[in-house]
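The following note sets out, point by point, some side-chain contacts and surface features of the model. Please read it with the coordinates open.

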Amino acid sequence: MRRWLTTILVIICCFATVKGQNGLGLYTLGDAVPQNSRLNPANEIKGKLVLGLPVISEMGLHVNNRFGYNRAFTKLENDSVKLDVDKVVSHLKKRNALLFETSIPLLYVGIKPEKSSFGYSFFVNERINVRGQYTKNLIKAAWEGTNSLVGQPLNIGKSAFSASYFREYGVGVNTSLMNDDLKIGARIKLIQGIYNVKTLWGMDARVDIEPETYSYGFLFKRAGLNAAGVNEYPSVGYLLSNPNKGAAIDLGATWTHQNLYSLSASITDLGYVRWKEFSQNFILSDTSFAFQGVYFTADGDIESTIDSLKNAFTPKETADPYSAMLSAKSIVSGSLLLGPVDRVTVTMMNQLLVGKVKSAFAVSYVKQLTPGIVASGSVVKLPQQWPRPGLALSMTGGPVQYYIASDNLIGFANVGNMNTLDFKMGVNLIIGSGKAKKETDLPPAHRSKPKFSSNDEGVDYPTDPRLKKPTVIRKKDIYTIITKKKQPKTWKSWFKKKKKEDN
């Protein structure tokens, strides 16, 4: 028993929260990085063609634990190390989280036709999601025995677990409206399930130990486990295609008001998988009973007591199909646009953890340093952690884009005590981006409306914000009339105007 528990605790210590796509600092770079469309499909495709290279377009690791390496392992005299379970238990909180999430990109293609306000994307990803929560008393009882919890209820129902491995095939579309003030997007995904294990939703199981008589009270309600694909050796055909199908949708929107501020919101992984192939269900009967020991008062009492305990703890096994929801995620953010290339952003990310919502927050300053370099400095508050500094950087040279980000910079100063590790990087190919367009090249919905009628040779100059300068003038007899271009509003110009009025 202790060997199994030690193995489980090693996993908990090393990967208590691993999430490959949660970087809040990277998300604040917005549509400068194509991978951010996964968290908000409204992000615009920057280029006629965007290619995400298999595997290397998205690599990262995020470990979020309650304690670091030095608080879990003890160094011995012969320079070897061992897991100190007593030390681990002492640093656990009343409730603890166990998460592992990673994504391996196989294909990403983004297309933005030149004379269209729509952008399209196609993608295939391999994904692994592990979600769990466990109590300190559960680990303590498994390690030290139940006698250490006499008089304390052991609520197993507060612990839950879900793990799945699946492949997603998806298509996305986004567009901009209201002269680019409103951007909306959606992604539809077909899910191919491969492996899944999860506890039943709404499980209630507890053990009470009476301090005077040391009698055990047991309660089981909806206690059980669902599994699919774990008891069979996977064939190539099963890995490529099987009856475990599902679907999901991602939705997002961004609204900008007069170049002063913007608001954005999104929800992703809103869907499910129907597990049919190689499915197994292990369910305990709903029951409650008290066990006060074995009494030798009559023949057969030992056998009947053992049989009753065996029946109470023996689950019923079936092969019925079952459904499992994906772990949905939502993001809400707001930005103050300090200028054309810099802004201050506040972001909140909510994630569903087996029935519980976990939130993370970030306050970021984002600035475009040069036409090809965008940087973001952040203060990030992750679940069960103090605020940490973060940095994100995107560099584009020609068709190649590199990006790198971390939500915890100071952790690298002392790796042994680091309880939060965050690192992300990738390479993309972006073809045909960054050039200003003429009025005639814009889609009709984005062309400026005439400010006055033109009955002679000239037309009104364009007011679309993506044009660098007026390129069309209106001629009147021997005079050339160039209408003054209205400058976009900014917080800097607003403060200057306010100061001038006060003086």
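1. At 33% relative accessibility, Lys158 counts as partly exposed, the class between buried (under 20% relative accessible area) and exposed (over 50%), with a 1.4 Å probe and protein chains only. Lys158 is found in the loop between β8 (154-155) and β9 (160-177). Helices (H or I, at least four residues) and strands (E, at least two) are DSSP runs, numbered from the N terminus.

2. The model is predicted: local features need pLDDT of at least 70, and side-chain atom pairs count only at pLDDT 80 or more, while totals for chains, interfaces and linings use all residues. Residues are numbered from 1 along each chain as its sequence is written, and side-chain values use heavy atoms, with hydrogens and water left out.

3. Lys158 belongs to a positive surface patch, together with Lys94, Arg95, Lys356 and Lys358. Patches are made of residues with over 30% relative accessible area and no salt bridge; like charges are joined within 9 Å, and nonpolar side chains (Val, Leu, Ile, Met, Phe, Trp, Tyr) within 5 Å. Lys and Arg count as positive and Asp and Glu as negative, with His and the chain ends not counted; the charge is placed at NZ of Lys, CZ of Arg, CG of Asp or CD of Glu.

4. A nonpolar surface patch of about 670 Å² is also present, and its members include Val55, Ile104, Leu106 and Phe423. Accessible areas come from the Shrake-Rupley method with a 1.4 Å probe. Phe423 is found in strand β26 and, at 34% relative accessibility, is partly exposed.

5. Four aromatic pairs are found in a search of the whole structure. Rings of Phe, Tyr and Trp (its six-membered ring) pair if their centres lie within 6.5 Å; planes under 30 degrees apart count as stacked, over 60 as edge-to-face and the rest as tilted. The rings of Tyr165 and Tyr195 have centres 6.0 Å apart and planes at 25°, so this pair is stacked. Tyr165 lies in strand β9 and Tyr195 in strand β10 (residues 182-199), so the pair ties together parts 30 residues apart in sequence. The rings of Trp255 and Tyr261 have centres 6.0 Å apart but planes at 75°, so that pair is edge-to-face. Trp255 is partly exposed at 31% relative accessibility, and Tyr261 is partly exposed at 28%.

6. The structure holds 13 salt bridges, each a side-chain nitrogen of Lys or Arg within 4 Å of a carboxyl oxygen of Asp or Glu. One of them joins Lys112 and Glu44 (3.0 Å, N to O). Lys112 lies in the loop between β6 and β7 (118-135) and Glu44 in the loop between α2 (24-27) and β2 (49-52), so the pair ties together parts 68 residues apart in sequence. Both Lys112 and Glu44 are buried.

7. The network joins Arg127, Glu168, Arg187, Lys189, Asp250 and Asp269. Within the Arg127 and Glu168 bridge, the closest N and O atoms are 3.1 Å apart. Arg127 is buried at 2% relative accessibility, as is Glu168 at 0%.
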